[in-house]
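Subject: Structure handover, with notes on what turned up

Hi,

Here is the structure I promised to pass on. Have a look at it first, and then read on for what came out of the search.

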Amino acid sequence: MNILIDSYTDEKLAQSLAGRPGFFKLFYDTEDCGCNGVLAIEILEQPLDTDIKVTVEKFTFLVDRQQESLFDNVLKLEADRAYPSFKVSSDSALYSTNVRIRDARDSAAK
């Protein structure tokens with residue numbers, strides 16, 4: 001899997017990390033959802049045993065092994081310039097236009 005990002009998206013991802021180490025996990029969140037899930041990005045301190053690492057420039061993204069087949073081999077991640085969200089797409093699909101980043105690094109310690 002490969003994730004393409006532009007310079008603006010690179011900047012927004014770096015801001016999300018706030019100078020701290022972390023992994024961006026791309027996944028379908030099905031908790032409290034009566035649907036197939038909502039695409040989300042979560043910042044984690046450590047990958048889970050079932051996560052696959054995808055290196056994107058200076059960032060490491062994670063995708064769960066069981067959800068990897070839900071995504072095309074090449075994804076595009078674009079930060080929205082007017083709203084604090086991201087668009088995830090590929091040449092053949094639009095996954096979501098309102099993907100938010102949730103920082104879960106501190107919540108794991110609680």
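Let me start inside. Ile-3, Leu-26, Phe-61, Leu-75, Lys-76, Leu-77 and Val-88 line the largest cavity; on a 1 Å grid over the protein atoms alone, a cavity is a set of points where a 1.4 Å probe fits but cannot get out, and lining residues have an atom within 4 Å of a point. Strand β6 (residues 74-79) gives the largest share of that lining, 3 residues. Helices (H or I, at least four residues) and strands (E, at least two) are DSSP runs, numbered from the N terminus. By type, the lining of the largest cavity has 6 nonpolar residues, no polar ones and 1 charged. Here Ala, Val, Leu, Ile, Met, Phe, Trp, Tyr, Cys and Pro count as nonpolar, Asp, Glu, Lys and Arg as charged, and the others, Gly among them, as polar. The largest cavity holds about 30 Å³ of space, and the count is 1 cavity of 30 Å³ or more. A volume is the space filled by probe spheres set on the grid points, which are joined across faces, edges and corners.

A word on where this comes from. This is a predicted model, in which local features need pLDDT of at least 70 and side-chain atom pairs count only at pLDDT 80 or more, while totals for chains, interfaces and linings use all residues. Residues are numbered from 1 along each chain as its sequence is written, and side-chain values use heavy atoms, with hydrogens and water left out.

Now the pockets. A pocket is an open set of grid points with protein on both sides within 12 Å along at least five of seven lines. The largest pocket has about 200 Å³ of space. Its lining has 12 residues, and Asp-29, Leu-39, Ala-40, Arg-100 and Arg-102 are the ones nearest the centre. The lining of the largest pocket divides into 6 nonpolar, 1 polar and 5 charged residues.

The second largest pocket has a volume of about 160 Å³. Among the residues that line it are Lys-12, Gln-15, Ser-16, Tyr-83, Phe-86 and Arg-100. Helix α1 contributes the largest share of this lining, 3 residues, and the lining as a whole has 5 nonpolar, 3 polar and 3 charged residues.

Next, the charges. The whole structure has 7 salt bridges, a salt bridge being a side-chain nitrogen of Lys or Arg within 4 Å of a carboxyl oxygen of Asp or Glu.

- Glu-42 pairs with Arg-102, with the closest N and O atoms 2.4 Å apart. This pair links distant parts of the chain, Glu-42 in strand β3 (residues 38-44) and Arg-102 in strand β9, 60 residues apart. Glu-42 is buried at 14% relative accessibility, whereas Arg-102 is partly exposed at 47%. Buried means under 20% relative accessible area, exposed over 50%, and partly exposed in between (1.4 Å probe, protein chains only).
- Asp-106 pairs with Arg-20, with 3.0 Å between the closest N and O atoms. Here too distant parts of the chain are linked: Asp-106 is in the segment after β9 (101-103), and Arg-20 is in the loop between α1 (7-17) and β2 (23-29), 86 residues apart. Asp-106 is partly exposed at 45%, and Arg-20 is partly exposed at 34%.
- Glu-78 pairs with Lys-87, the closest N and O atoms being 3.7 Å apart. Glu-78 is partly exposed at 30%, and Lys-87 is partly exposed at 31%.

Last, the rings. The whole structure has 4 aromatic pairs; rings of Phe, Tyr and Trp (its six-membered ring) pair if their centres lie within 6.5 Å, and planes under 30 degrees apart count as stacked, over 60 as edge-to-face and the rest as tilted. Tyr-28 and Phe-71 form a stacked pair, 5.6 Å centre to centre with 15° between the planes. Tyr-28 lies in strand β2 and Phe-71 in the loop between β5 (59-64) and β6, 43 residues apart. Both Tyr-28 and Phe-71 are buried. Elsewhere, ring pairs join Phe-24, Phe-59 and Phe-61 into a cluster.

Happy browsing!
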